[in-house]
Amino acid sequence: MLFKVKNIALLIPICITGITVLNGCKKEDKPGPVTGPATNTEINTWIKDSLDRYYYWADKLPANTNTNLEPIPYFNSIINSADRFSFITLPGTGSSLTATSRSKYGFDYLIFTEPASNRVLGLITLVMNTSPAKGAGLRRGQYFTKINGTLLTETNIDALKEQLLSQNSVKLSLATVEGDEVKETGAANITAGETFEQTAVQGVFTAGSKKIAYLFLTGYVDADREAYLTVFADYKAAGVTDMILDLRYNSGGDVSAAAAMCSMLAPGITGATPFIEYRGNKNAGTRKETFSVAATVNNGPAFTSLQQHNLNLSKLYVLTTGATASAAELMINNLKPYMTIVQIGQATRGKDEASIAIT
């Protein structure tokens with residue numbers, strides 16, 4: 001599906017998270033009795049039927065497919081080449097979603113050549129609060145020289161990254177940089193496990209006559225909208241004049257949460273102000289939502305409550321990296337007509353797609 005905001009086109013692919021098949025029957029057929037585990041053909045028929053109904057590129061799906069393939073290879077073989085984000089997960093058999101160091105271990109990192117020592121080093125850029133990485137003692141700002149005992153070089157970076165993601169544990173050799181000398185200080189042994197969303201970090205500091213709010217978010221969650229009211233009430237009580245929104249590691253999330261936060265930042269936004277237009281395939285059609293509708297969907301705070309906490313700022317400073325994506329980018333673009341956005345950092349990912357889950 002595709003949705004459009006101002007001049008930004010957004011595509012909505014799908015996320016298939018589980019498989020339940022009754023004898024491989026299509027939706028319009030009457031299911032027969034379940035006689036055993038679903039076959040690849042039955043599962044793949046269900047996948048193709050679901051794509052035909054919901055997929056943005058449904059009209060470009062191949063007419064003839066090899067339904068004898070394993071389901072994950074089958075799914076990967078028929079999705080559109082323009083689709084960067086759709087994935088499928090089959091219980092007990094894995095996923096077509098590419099793992100990341102954050103999803104497996106709870107940390108982000110970058111590899112660079114340290115100029116003083118001319119050594120290739122890793123740098124931890126983010127550690128999620130409730131994650132295996134945090135439990136192993138990893139923290140933002142640490143350097144590492146080796147992955148699983150192998151020294152980082154310019155030629156083996158890709159292989160070591162793949163190794164980190166293909167295994168269920170990783171050993172990082174930690175180090176400090178003192179002048180032009182790199183000293184190893186120990187190791188962090190991290191076992192893959194469940195990582196929960198990072199708690200937001202917020203505060204207010206003073207610079208001259210300015211009261212500056214700071215807010216760090218790694219994602220937008222609809223359940224956090226009530227918490228936003230508390231945070232923005234504190235900002236308002238402190239007399240905030242400027243704000244820094246840290247979206248460097250924000251991969252997106254719920255559109256309603258992004259709409260709610262927009263509604264508490266900029267002047268000129270009303271409940272009837274257009275916020276988003278969703279465009280799907282021929283089955284889904286088009287749907288438009290105002291700020292009020294988008295921000296309050298699924299029992300969110302009343303739009304009048306959001307407006308009471310509006311900071312009415314004329315300028316917003318936004319920190320971004322290549323990991324900033326989806327609803328975070330949507331928020332940045334949707335604030336530009338109402339306030340000055342000063343973007344500091346790298347270009348964002350360019351993920352103009354949202355998703356629906358089909359189970």
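These legends describe close-up views of aromatic rings in a predicted model.

**View 1. Aromatic pair of Phe216 and Tyr249.** Ten aromatic pairs are found in a search of the whole structure. In one of them, Phe216 and Tyr249 are arranged edge-to-face, with 6.5 Å centre to centre and 65° between the planes. Phe216 belongs to strand S13 (residues 210-216), while Tyr249 sits in the loop between strand S14 (242-246) and helix H7 (255-262), so the pair ties together parts 33 residues apart in sequence. Phe216 and Tyr249 are both buried.

**View 2. Aromatic pair of Phe275 and Phe291.** The ring centres of Phe275 and Phe291 are 4.8 Å apart. Because planes over 60 degrees apart count as edge-to-face, the angle of 65° places the pair of Phe275 and Phe291 in that class. Phe275 is part of strand S15 (residues 274-279) and Phe291 is part of helix H8 (residues 291-296), so this contact ties together parts that are 16 residues apart in sequence. Both Phe275 and Phe291 are buried.

**View 3. Arg287 over the face of Tyr278.** Arg287 is placed over the face of the Tyr278 ring, at 4.4 Å from the ring centre.

**View 4. Lys351 over the face of Phe85.** The ring here belongs to Phe85, and Lys351 lies over its face. The distance of Lys351 from the ring centre of Phe85 is 4.7 Å.

Conventions:
Residues numbered from 1 in each chain as written. Predicted model: local features only at pLDDT ≥ 70, side-chain atom pairs only at ≥ 80, totals over all residues. Heavy atoms only, no water. Phe/Tyr/Trp six-rings, centres within 6.5 Å; stacked < 30°, edge-to-face > 60°. Helix = DSSP H or I, 4+ residues; strand = E, 2+ residues; numbered from the N terminus. Buried < 20%, exposed > 50% of the residue type's maximum accessible area, 1.4 Å probe, protein only. Lys NZ or Arg CZ within 6 Å of the ring centre and 35° of its normal.
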